[in-house]
Amino acid sequence: MKKYLIPFVLLFSCNSTEVPPPEPVYPIPSESQLAWHDLEYYAFVHFNMNTFSDMEWGMGDESPEQFNPTELDTRQWAKVVKDAGMKGIIITAKHHDGFCLWPSAYTEHSVKNSPWKEGKGDLIRELREACDEYGLEMGIYYSPWDRNHAAYGTPEYISYMRNQLKELLTNYGDIFEVWFDGANGGTGYYGGANENRFVDKLTYYDWPKTYALVRELQPKAVMFSDGGPDVRWVGNEEGFAYETTWSNLMRDSVYAGMPEYPEKYASGQENGTHWVPAEADVSIRPGWYYHAYEDHKVKTLPQLLDIYYNSIGRNASLLINFPVDRRGLIHEKDVEQIMKLSTKIKEDFAVDFVQKAKLSASNERGRGFEISQVLKEDKNKYWAAEDGVIHNEILIKFPQKQDINRFLAQEHIALGQRIKEFTLEAKTQNGWQLIHKGSTIGTKRILRFDEVETDELRFTILDAKASPTFSRLAAYLAPKLITEPFFRRDQSGTVSLSIPEKSVDIYYTLDGSIPDSQSNQYENPIKIDKPVRLNAISYDPSSGKSSEVFVKDLDIAKAQWKVIHTETDAAKAIDEDPSTFWSSNNQELTVDLGEVIHIKGFTYLPPQNRFMRGVISKYSFQSSMDGKTWTERAKGEFPNIHNNPIEQMIRFEDAQARYVKLKSLGTTDNQAASFAEIGVITID
Ligand code: FUL
């Protein structure tokens with residue numbers, strides 16, 4: 001305790017006089033970036049032509065006639081988003097297929113030629129009204145890449161794009177974020193509708209002029225794009241930021257659209273010259289658009305919670321997508337899941353134990369910057385250390401022993417992001433125990449750890465770019481969440497289910513019904529070689545609580561399958577283990593199914609390691625009865641597979657096959673085609 005006496009004496013003497021705030025550590029956020037940071041959590045809505053064509057990336061040759069929602073209700077979207085605690089909605093005004101959700105004067109490819117409201121509808125206007133009614137911000141997603149427009153690739157298209165931006169940014173009130181999708185372009189691996197119109201996305205769009213236009217029309221909006229300039233992509237479509245996440249970026253040389261960005265720069269740069277904070281975007285389902293076949297693949301609460309803690313809890317904002325369905329509504333299942341997340345967040349952060357604790361800091365700047373400032377709601381009140389005092393210890397003493405498992409810290413980012421290294425320790429009956437050693441904090445950092453019983457926390461800043469600041473410190477006890485069982489199936493079809501907690505049991509069904517504690521209890525691996533739906537839950541007998549239902553549609557087992565390749569590694573493509581893969585130098589994989597099977601489609605899982613190579617973007621799938629004569633069953637593209645490497649399911653006309661072959665016609669990085677897993681579909 002002695003250690004803290006001297007600073008407190010000093011403090012006492014400083015207290016009577018005003019002290020100036022610390023000097024900013026550049027870069028710092030602009031006014032609009034600060035307002036954007038406050039939003040923290042908002043929604044994406046992917047709803048457009050793809051909803052009706054059942055695609056992720058439409059070709060651009062769809063007919064406006066196809067766009068026909070039956071019960072479209074933007075107020076339902078706004079209510080869900082508001083109830084879920086989100087602060088705004090970004091809408092796909094125009095996606096890569098070029099269809100416009102507003103009656104643009106510059107194209108016929110819009111709602112005005114659709115049956116919806118007999119061509120009189122304007123979805124952007126309806127969303128504006130709904131957002132206003134529910135007190136939400138509205139943002140615009142606009143795809144520069146356009147597979148429909150005849151002039152795409154020429155200067156004429158750039159005028160078209162700017163004219164459309166003028167419509168969107170003048171006629172619909174205040175826009176909080178303009179989201180320019182970076183898909184396709186110079187490094188492009190996809191063409192347009194039946195053509196290859198690659199553009200150099202760095203030069204073609206003449207971004208400086210487009211950015212200036214947006215600034216002029218919506219000075220308060222932030223812009224998200226391949227090149228920033230205000231908000232950057234987090235580097236994946238899984239909704240995860242990195243442990244180390246700087247809001248700083250050398251914006252003039254590093255940008256989200258560069259191929260090496262996800263691997264090298266997605267965590268930002270300590271010495272970055274500009275403030276370009278990370279935004280984590282993720283869909284609540286595997287795809288961005290609605291597909292009925294994903295109705296049982298809506299993310300579970302544990303998955304959503306991981307996303308929340310790994311984005312908002314790691315100095316990023318969170319943009320969760322709802323693939324609005326063909327009715328024009330957020331699907332019931334998606335509503336259910338997002339509300340579970342909202343309830344859980346409220347529970348996790350219900351009581352802040354720091355509010356009742358005694359706080360002390362090894363250094364305080366002086367009056368107005370005391371450590372007690374971190375207890376205040378007002379984000380402009382903050383603790384700060386004296387200039388040059390980097391190493392700081394903050395002690396948080398609880399009135400009694402307390403179980404905690406969450407710790408939250410926020411820097412006063414208006415003066416720049418500073419902290420580089422910190423530790424959190426808890427005093428337990430065995431002395432000080434290290435809970436976490438970390439790097440960045442930024443606008444918000446939330447640490448999740450196993451429950452610890454403690455009466456005192458020690459939060460130490462070990463290194464920082466300048467003397468640190470905190471606008472908030474908090475500690476919580478989040479109720480335990482029972483996670484659904486982990487699933488594995490091997491090549492013989494044997495399914496194993498597991499859960500780390502020994503006291504938790506697993507129950508399952510194979511008849512489509514929802515399991516409970518009266519269903520089959522899982523004890524040993526189960527042999528499943530026929531197509532079936534497996535439903536499973538974890539159940540804690542002591543609390544009577546169960547997890548969400550784990551759902552898995554299983555097709556035939558691969559027990560008889562053999563790869564027709566000499567490399568032994570090739571078998572990794574059919575071993576049912578998503579973490580292993582095989583790279584094929586001749587760009588194809590051939591499998592002997594062991595017997596003649598009636599097939600209706602195939603599945604392809606690209607490599608699942610973070611920076612995967614050889615992801616197939618264009619394919620030909622063939623089958624054969626004798627392994628010599630082949631018939632092509634399907635040919636096409638796997639849209640958006642590079643950024644969102646989920647399992648692809650392609651269906652085709654029924655066929656009899658003994659042998660199947662997946663041939664790559666192009667990978668996203670021109671590397672040897674890689675296969676984590678391929679499978680066949682034998683059921684409807
Ligand atoms: C990607 C797009 O290609 C996807 O379709 C989706 O819109 C996602 C948010 O961004 O780049």
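On a 1 Å grid over the protein atoms alone, a cavity is a set of points where a 1.4 Å probe fits but cannot get out, while a pocket is an open set with protein on both sides within 12 Å along at least five of seven lines, and lining residues have an atom within 4 Å of a point. The views show a predicted model, in which local features need pLDDT of at least 70 and side-chain atom pairs count only at pLDDT 80 or more, whereas totals for chains, interfaces and linings use all residues. Residues are numbered from 1 along each chain as its sequence is written, and side-chain values use heavy atoms, with hydrogens and water left out.

**View A. Residues around the ligand.** The ligand has 13 residues around it, of which His46, Trp57, His95, His96 and Asp181 come nearest; a residue counts as near if one of its heavy atoms lies within 4 Å of the molecule. By class, this shell holds six nonpolar, four polar and three charged residues, where Ala, Val, Leu, Ile, Met, Phe, Trp, Tyr, Cys and Pro count as nonpolar, Asp, Glu, Lys and Arg as charged, and the others, Gly among them, as polar.

View B. An oxygen atom of the ligand lies 2.8 Å from an N or O atom in the side chain of aspartate 181, and a distance of 2.9 Å separates a ligand oxygen atom from a side-chain N or O atom of tryptophan 57. For histidine 96, the distance from a side-chain N or O atom to an oxygen atom of the ligand is 2.9 Å. Of the 300 Å² of accessible area that the ligand has on its own, the protein covers 98%, as computed by the Shrake-Rupley method with a 1.4 Å probe.

**View C. The largest cavity.** This cavity has a volume of about 80 Å³, a volume being the space filled by probe spheres set on the grid points, which are joined across faces, edges and corners. Its lining includes Trp145, Phe180, Asp181, Tyr205, Trp207 and Asp226, and the lining residues divide into six nonpolar, three polar and three charged.

**View D. The second largest cavity.** About 40 Å³ of space lies in this cavity, and among the residues that line it are Asp226, Arg232, Arg251, Tyr255 and Val276. Five nonpolar, two polar and three charged residues make up the lining.

**View E. The second largest pocket.** With a volume of about 960 Å³, this pocket is lined by 37 residues, of which Asp38, Glu40, Lys87, Gln410 and Lys444 lie nearest its centre.

Notes:
A polar contact is a pair of N or O atoms within 3.5 Å; within protein, one must be able to donate a hydrogen and the other to accept it, and residues adjacent in sequence count only if both atoms are side-chain atoms.
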